[in-house]
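Welcome, and please take a look at the protein shown here.

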Amino acid sequence: MKEGWEQLEAAKRASVGQLLLKCARLWDERAVARVNQEGGAQARLRPAHTRLVAHIDVEGTRLTELARRIGVTKQAVGQLVEELVQQGTLELAPDPEDKRARRVRFTPKGMAAIAHGLEVLHQLETELSRKVGVQRMRGLHETLGELLEALEQLEREEAPGSEE
């Protein structure tokens with residue numbers, strides 16, 4: 001059994017995707033902890049919140065689209081949105097394209113929170129650059145940008161109604 005587990009761990013370490021997922025989780029946890037520490041008693045940010053806000057477009061995003069992007073139910077997204085609405089970070093606004101629908105968008109307080117969160121991410125990046133090297137972090141940034149572009153292109157190509 002131990003040998004099988006060691007093989008599985010070795011396979012996980014050999015997977016770029018697995019490494020990206022684990023690094024993203026650890027980075028997110030550090031950022032959330034730091035934001036909460038700096039925010040004092042009012043801070044109630046959770047990793048689930050950071051996964052949500054990363055998918056909200058500037059003009060706002062419908063709950064159903066957020067649920068699709070995150071891969072959870074509309075009810076689960078609704079609960080997270082409600083928590084952030086109560087904190088004053090998000091608001092629900094009428095959808096200009098469909099008067100029956102609403103869009104989730106940032107409040108001015110939410111925009112300030114995003115700016116602060118990005119600063120925290122930058123601080124973590126600087127700290128990690130000291131450990132792995134500035135040039136390597138720059139190279140990683142460039143590679144991740146290219147990877148993101150390739151993944152977004154694949155998503156567009158595979159979207160319903162796209163030409164194959």
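Here is a short tour of the fold, grouped by topic.

This is a predicted model, and the mean pLDDT of the protein is 90. Its secondary structure comes to seven helices and three strands.

**Confidence**
- A pLDDT of 70 or more is reached by 95% of the residues.
- Among the elements, strand 1 (residues 61-62) has the highest mean pLDDT, at 96.

**Overall make-up**
- If you read along the sequence, the order of elements is α-α-α-β-α-α-β-β-α-α.
- The C-alpha trace spans about 55 × 50 × 40 Å along its principal axes.
- The protein has 164 residues, and 22% of them are buried.
- Taking the contacts with a separation of 6 or more, 42% are between residues 24 or more positions apart.

**Helix 4 and helix 5**
- How do the axes of helix 4 (residues 63-70) and helix 5 (residues 74-86) cross, and within what distance do they come? They cross at roughly 110° and come within 8 Å.
- Angles of 65 to 115 degrees count as roughly perpendicular, so helix 4 is roughly perpendicular to helix 5.
- On the helix 4 side, the residues in this contact are Leu63, Thr64, Leu66, Ala67 and Ile70.
- They meet Lys74, Val77, Gly78 and Val81 in helix 5.
- Sorted by class, the contact of helix 4 with helix 5 has six nonpolar, two polar and one charged residues.

**Strand pairing**
- Strand 3 (residues 98-106) pairs with strand 1 in the antiparallel sense, over two bridges.
- In strand 3, Val104 is the residue that stands opposite Thr61.
- Strand 3 also pairs with strand 2 (residues 90-95), and this pairing is antiparallel over six bridges.
- Here Ala93 stands opposite Arg103 in strand 3.
- How many residues lie between strand 2 and strand 3 in the hairpin they form? There are two residues between them.
- Taken together, strand 3 has antiparallel pairings with strand 1 and with strand 2.

Methods. Residues are numbered from 1 along each chain as its sequence is written. This is a predicted model: local features need pLDDT of at least 70, side-chain atom pairs count only at pLDDT 80 or more; totals for chains, interfaces and linings use all residues. Side-chain values use heavy atoms; hydrogens and water are left out. pLDDT is the predictor's confidence in each residue, from 0 to 100. Helices (H or I, at least four residues) and strands (E, at least two) are DSSP runs, numbered from the N terminus. Axes are lines fitted to C-alpha atoms, for helices over the stretch in contact, and angles run from 0 to 180 degrees between N-to-C directions. Angles under 35 degrees count as roughly parallel, over 145 as roughly antiparallel, 65 to 115 as roughly perpendicular and the rest as oblique. Contact means heavy atoms within 4.5 Å. Ala, Val, Leu, Ile, Met, Phe, Trp, Tyr, Cys and Pro count as nonpolar, Asp, Glu, Lys and Arg as charged, and the others, Gly among them, as polar. Two strands pair if DSSP finds at least two bridges between them. Buried means under 20% relative accessible area, exposed over 50%, partly exposed in between (1.4 Å probe, protein chains only).
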